[in-house]
Each structure stands twice: as structure tokens, then as C-alpha cells.
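Let's take a short walk through this structure together. Have the sequence and the 3D view at hand as you read.

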Amino acid sequence: MDRTRSGRPPFVLHGWASGAATRITTDDIIARASTVTWALGPQLLRRAGTMHELQARAIRAAADGALTPLITRYPLSRAEDAHADLENRRAIGKVILVPQPCLRAQ
């Protein structure tokens with residue numbers, strides 16, 4: 001990853017899974033002598049056209065078997081671990097809590 005003159009990596013924004021863009025102020029950037037760039041978000045939408053077109057392409061790819069969703073499954077008895085992994089960004093993809101009798105091999 002490129003680094004700024006200060007030797008620190010830049011902020012790289014990857015969209016907004018929380019429903020809103022990450023709030024970074026000018027003070028945040030200056031305090032860290034950093035830069036900011038987008039990895040996804042508006043750049044991706046410019047290539048895809050619109051969010052609706054992007055969603056339609058993803059649904060077609062999933063239906064054709066070309067797109068496999070990333071899922072981390074936890075038994076319901078480990079719900080606390082699942083929440084901790086979400087909060088600490090250790091979970092990969094979507095997190096699903098599964099009742100024990102339905103749990104299948106990952």
C-alpha cells in the first residue's frame with residue numbers, strides 16, 4: 001500500500017456497509033498527515049451505471065452460479081462470538097446464526 005510522506009498509509013474507503021459513508025473530517029486527515037481515496041463506492045457505480053443495474057448484474061451472476069456469497073456461520077449458541085467478530089471486523093461476509101440441528105458443514 002502506498003504511504004504518505006509521513007510514512008502512514010492513507011485512509012481507503014470501501015463503500016458504506018453501515019448505510020452511510022464513513023465520516024472523516026479535514027482535522028482527521030491533517031492530524032494523521034494522511035490522504036483519502038475510494039476503493040469502491042462512487043467509482044464502482046460509475047462503471048456499473050446505477051445501483052439498480054449493479055444489483056441486477058449481481059443477481060444474474062448468483063443465479064448463474066458465477067457469484068458465491070461469503071458467509072460465516074455460527075451455531076446459535078455462539079451468538080455472542082458472532083457479535084464480537086462482527087464488531088471487531090473478524091467475520092467474513094454475511095454472518096448467519098444457525099440453530100444446532102440445522103448446522104451443516106461449511
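Does Thr 72 count as buried or exposed, and at what relative accessibility? Keep in mind that you are looking at a predicted model. Thr 72 has a relative accessibility of 17%, so it counts as buried, since the cut-off for that label is under 20%.

Now place Thr 72 in its surroundings. This residue belongs to strand β3, which covers residues 71-75. The strand as a whole is mostly covered, with 4 of its 5 residues buried. If you set aside neighbours within four places in sequence, Thr 72 touches Ala 91, Ile 92, Lys 94, Val 95 and Ile 96. One of these, Val 95, is also the bridge partner of Thr 72 in β4. The two strands, β3 and β4, pair in the parallel sense over 5 bridges. To get from β3 to β4 the chain passes through α4, and this β-α-β crossover is right-handed.

Next, follow the loop between α4 (79-87) and β4 (94-98), where you will find Arg 89. Most residues other than glycine have a negative phi. Arg 89 is not a glycine, yet its phi is positive, at about 60°. With 77% relative accessibility, Arg 89 counts as exposed, because the cut-off for that label is over 50%.

Finally, step back to helix α3, residues 51-63. Just after α3 comes Gly 65, with a positive phi of about 80°.

Key
Residues are numbered from 1 along each chain as its sequence is written. This is a predicted model: local features need pLDDT of at least 70, side-chain atom pairs count only at pLDDT 80 or more; totals for chains, interfaces and linings use all residues. Side-chain values use heavy atoms; hydrogens and water are left out. Buried means under 20% relative accessible area, exposed over 50%, partly exposed in between (1.4 Å probe, protein chains only). Contact means heavy atoms within 4.5 Å. The expected span of a helix is 1.5 Å times one less than its number of residues. Two strands pair if DSSP finds at least two bridges between them. A crossover is right-handed if, with the strands pointing away from the viewer, the path from the first strand over the helix to the second runs clockwise.
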